[in-house]
Amino acid sequence: MDVRAAVAIQAGKPLEVMTVQLEGPRAGEVLVEVKATGICHTDDFTLSGADPEGLFPAILGHEGAGIVVDVGPGVTSVKKGDHVIPLYTPECRECYSCTSRKTNLCTSIRATQGQGVMPDGTSRFSIGKDKIHHYMGCSTFSNYTVLPEIALAKINPDAPFDKVCYIGCGVTTGIGAVINTAKVEIGSTAIVFGLGGIGLNVLQGLRLAGADMIIGVDINNDRKAWGEKFGMTHFVNPKDVGDDIVPYLVNMTKRNGDLIGGADYTFDCTGNTKVMRQALEASHRGWGKSVIIGVAGAGQEISTRPFQLVTGRNWMGTAFGGARGRTDVPKIVDWYMEGKIQIDPMITHVMPLEDINKGFELMHKGESIRGVVVY
Ligand code: NAD
Ligand code: AHE
Ligand code: ZN
């Protein structure tokens, strides 16, 4: 069938909106009409050429919501008409990783996902005779896409697509990093570096978890007001602090006669490796947990003095907030429907597919929190 898609033809170039061909679902696969998709910083990262796994041409987008329109042979968990959220971290419930119960990182189709193809090694997207790569197993910058059934979470049909698409990445990543990965307790102190589409959701996760002191750090002063909306108690702009923000934050988090200082939990939501180091070193000696959420470009590495770890700080990371998509995503949609979490205010811009490059420009200028394409 002919579908409308924004195609990443080449790294560093704007997406090109065009008609491409999509083949129907094969065994174990599902055809989804995408109704809305968020634009995540990771789409921009891959489009920039910094992603070691970046392939071109490709149809990017991994933060969608839509309706099942057809299923291939053998599909049992979803049917025509179901409302679904595509999962870039699938949940097969059978592989070594899923059955370990130690991780959300299902490995059953990770290899082909990274190669931009379906689990059988072929692509469903093409322009004429030329193949177009899938992206993160989702390709939601197309009004129709095909996914394996293990990569679809069935959700409440009353949930609005243009809001809950954000649960396909940003909301789940931010809240999940707090609840599933860091396991923050009531009364904790926390520092969130980077108050964008992910960091604000870390803030709302911290508020849900009952953290006391929640410090937000961002180089964009406009993010102070945003942070305050989602539970931030203090804001720091590193540009106002001078050379080294770490001692400043460590001092700020001293409480109850503590002579050392440092936050119980810190989160990097910038993708900047220098910030990741600051986040680790601003966590508390002896027990601090520092969670890397940001994605860093090809060739970049993190460093710190090993003494930081010897003295009990824990450096960890999270993908999709540690969420098991088919199990957890429907619950997060319900939290939204019940008013337990907020999404609407963070969706600052809504646009048709034709304007998707404007969504990327707004992100670059720091003007949007989440841009959402509605089909
Ligand atoms: P965003 O562009 O909306 O927000 C980034 C924020 O960081 C901005 O507010 C920016 O001003 C701030 N910032 C930039 N440099 C900074 C610095 N030196 N110090 C303090 N603040 C700084 O991006 P986003 O959508 O929130 O994504 C954030 C990161 O998380 C990206 O790297 C993205 O690729 C990654 N991500 C990871 C996962 C995961 O599963 N691990 C999921 C989604 C996104
Ligand atoms: N392909 C990159 C890494 C990109 C990355 O870290 N992706 C995150 C999700 S970001 C969503 O916005 C993730 O889930 N990673 C786990 C995985 O298996 O990809 C690289 O560096 O090669
Ligand atoms: Zn994302």
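Colleague: How many nonpolar, polar and charged residues make up the shell around ligand 2?

Modeller: The shell has seven nonpolar, two polar and three charged residues, where Ala, Val, Leu, Ile, Met, Phe, Trp, Tyr, Cys and Pro count as nonpolar, Asp, Glu, Lys and Arg as charged, and the others, Gly among them, as polar. This is a predicted model, in which local features need pLDDT of at least 70 and side-chain atom pairs pLDDT 80 or more, while totals for chains, interfaces and linings use all residues. Residues are numbered from 1 along each chain, chains are lettered from A and ligands numbered from 1 as written, and side-chain values use heavy atoms, without hydrogens and water.

Colleague: What makes Thr-42 a polar contact of ligand 2?

Modeller: An oxygen atom of ligand 2 is 2.5 Å from an N or O atom in the side chain of Thr-42, so the pair meets the definition (N or O atoms within 3.5 Å). For a nitrogen atom of ligand 2, the distance is 2.9 Å to an N or O atom in the Asp-51 side chain, and a polar side-chain atom of Glu-53 lies 2.8 Å from a nitrogen atom of the ligand. Taken alone, ligand 2 exposes 540 Å², of which the protein buries 72%, by the Shrake-Rupley method with a 1.4 Å probe.

How values were computed
A polar contact is a pair of N or O atoms within 3.5 Å; within protein, one must be able to donate a hydrogen and the other to accept it, and residues adjacent in sequence count only if both atoms are side-chain atoms.
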